[in-house]
Amino acid sequence: MATILITGGTGFIGSNLAMRLLERDKDTKVVLFDRSPDLSRLTGFDSRYEAVKDRITFVQGDLTILPHVLALFDAHTPDSVFHLGALLSAGAETNPTMGFQTDTVGSWHVFEAARLYCQHAGSDPIRVIFPSTIASFGSFIAPGALVNNEAIQMPTTMYGVSKVSVERLGEYYTRKGWIDFRAVRFPSVIGASRGPGGTTVYSTLMIQEPFRTPSRPYIAYVAPDTRLDIIYISEALDAIVGLHDAAGNSLKPERRVYNIAGIRTDDGQAPTALDIKNAVVALKPDAVIDFQVDPVLQKTSVSNLWSCLEPDASHRLLVRVQRMILDGPGPGASWPTW
Ligand SMILES: NC(=O)c1ccc[n+]([C@@H]2O[C@H](COP(=O)([O-])OP(=O)(O)OC[C@H]3O[C@@H](n4cnc5c(N)ncnc54)[C@H](O)[C@@H]3O)[C@@H](O)[C@H]2O)c1
């Protein structure tokens with residue numbers, strides 16, 4: 001039985017990842033480490049959760065406390081790690097001290113614990129998968145520009161600064177032969193159970209609210225022409241699970257961090273808020289979506305606009321919106337109520 005440790009395991013991506021890993025392989029168990037003991041994103045999968053729950057261990061702890069992280073490795077002897085625990089952009093910006101402690105120091109704790117664990121056991125370096133972000137590039141890149149993997153990163157937020165630091169630290173630990181670090185840079189991830197936080201949540205709610213029963217109108221707080229690079233949770237999981245599974249010799253030694261393309265409209269661009277509305281209305285003609293700009297949220301949403309990779313036909317907007325609707329609410333019998 002393989003044990004996979006997921007830090008941030010009760011969060012949006014962590015919960016969905018846990019279900020993906022458990023459902024694809026009956027010989028996998030997961031250890032979810034999180035400061036939040038709220039398992040509702042998992043229990044909301046109802047019968048699907050019931051079918052796998054015996055292979056889930058939850059450990060409440062704090063990434064900023066090294067002994068918590070060390071004990072985690074000692075007690076659960078993981079075979080690989082997805083390190084997702086973090087304060088996201090808004091949280092880290094509101095409290096930069098805590099942002100640094102959680103996102104930078106907390107990640108170093110995970111790397112150190114992984115290094116010590118492997119060295120004590122005399123084992124091969126353990127895989128540590130990490131989600132970085134398009135926000136790591138910084139705002140000097142022109143909105144809409146295609147950003148390649150090696151573009152210079154000059155982040156302007158504590159969140160972005162931490163992500164770049166962790167990327168470089170992970171590469172360093174890999175060069176030393178201490179861990180097997182692999183990372184992606186995601187655009188904004190959309191999907192049910194994402195939660196209310198974050199300045200870009202309108203992109204999820206515009207799709208989600210009209211499809212509730214009964215349907216709800218939604219007023220987006222950004223201008224219709226606001227573009228945002230987004231990826232659906234299912235494809236985000238494909239990316240990190242695929243990177244986790246990749247044979248070591250299939251990765252270039254010098255390439256440990258990969259940009260992941262988001263959804264594209266037919267003109268190859270990241271979708272505008274109006275594109276999202278049009279895709280929803282194409283599937284549900286009576287959907288009511290309006291726009292009422294909140295200047296503060298508009299500003300921060302625009303600063304999240306980045307395009308990472310060449311457009312890919314499999315990432316067309318309408319197809320992805322359709323998939324999100326068909327997948328349904330995900331956790332819970334109805335869409336979450338936030
Ligand atoms: N959601 C996105 O759009 C997006 C985009 C790019 C990268 N990411 C990265 O993916 C990862 C997961 O993001 P998410 O969307 O699931 O966010 P989330 O907020 O839902 O999950 C993060 C989890 O980390 C936990 N956490 C925070 N501080 C902690 C601490 N000190 N100790 C232990 N646990 C702590 C939180 O309780 C939460 O459950 C993060 O690293 C995030 O930066 C997310």
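Student: How do the residues of the shell around the ligand divide into nonpolar, polar and charged?

Tutor: They divide into 10 nonpolar, 12 polar and three charged. Here Ala, Val, Leu, Ile, Met, Phe, Trp, Tyr, Cys and Pro count as nonpolar, Asp, Glu, Lys and Arg as charged, and the others, Gly among them, as polar. The model is predicted: local features need pLDDT of at least 70, side-chain atom pairs count only at pLDDT 80 or more, and totals for chains, interfaces and linings use all residues. Numbering runs from 1 along each chain as its sequence is written.

Student: Which residues come nearest to the ligand?

Tutor: Gly 8, Gly 11, Phe 12, Ile 13 and Ala 86, of the 25 residues around the ligand. A residue counts as near if its C-beta atom, placed from the backbone, lies within 6 Å.

Student: And which element gives the largest share of that shell?

Tutor: Helix 1, with three residues. Helices (H or I, at least four residues) and strands (E, at least two) are DSSP runs, numbered from the N terminus.

Student: Turning to the largest nonpolar core, which residues touch the most other members?

Tutor: Ile 6, Ala 18, Ala 114 and Val 128, in a core of 66 residues. Helix 1 (residues 12–24) supplies the largest share of this core, seven residues. Such a core is a set of buried Ala, Val, Leu, Ile, Met, Phe, Trp, Tyr and Cys residues joined through C-beta atoms within 7 Å. Buried requires 20 or more other C-beta atoms within 10 Å of the residue's own, with C-beta atoms placed from the backbone.

Student: How much of the protein chain is buried?

Tutor: Of its 338 residues, 45% count as buried.

Methods:
Buried ≥ 20, exposed ≤ 12 C-beta atoms within 10 Å, placed from the backbone.
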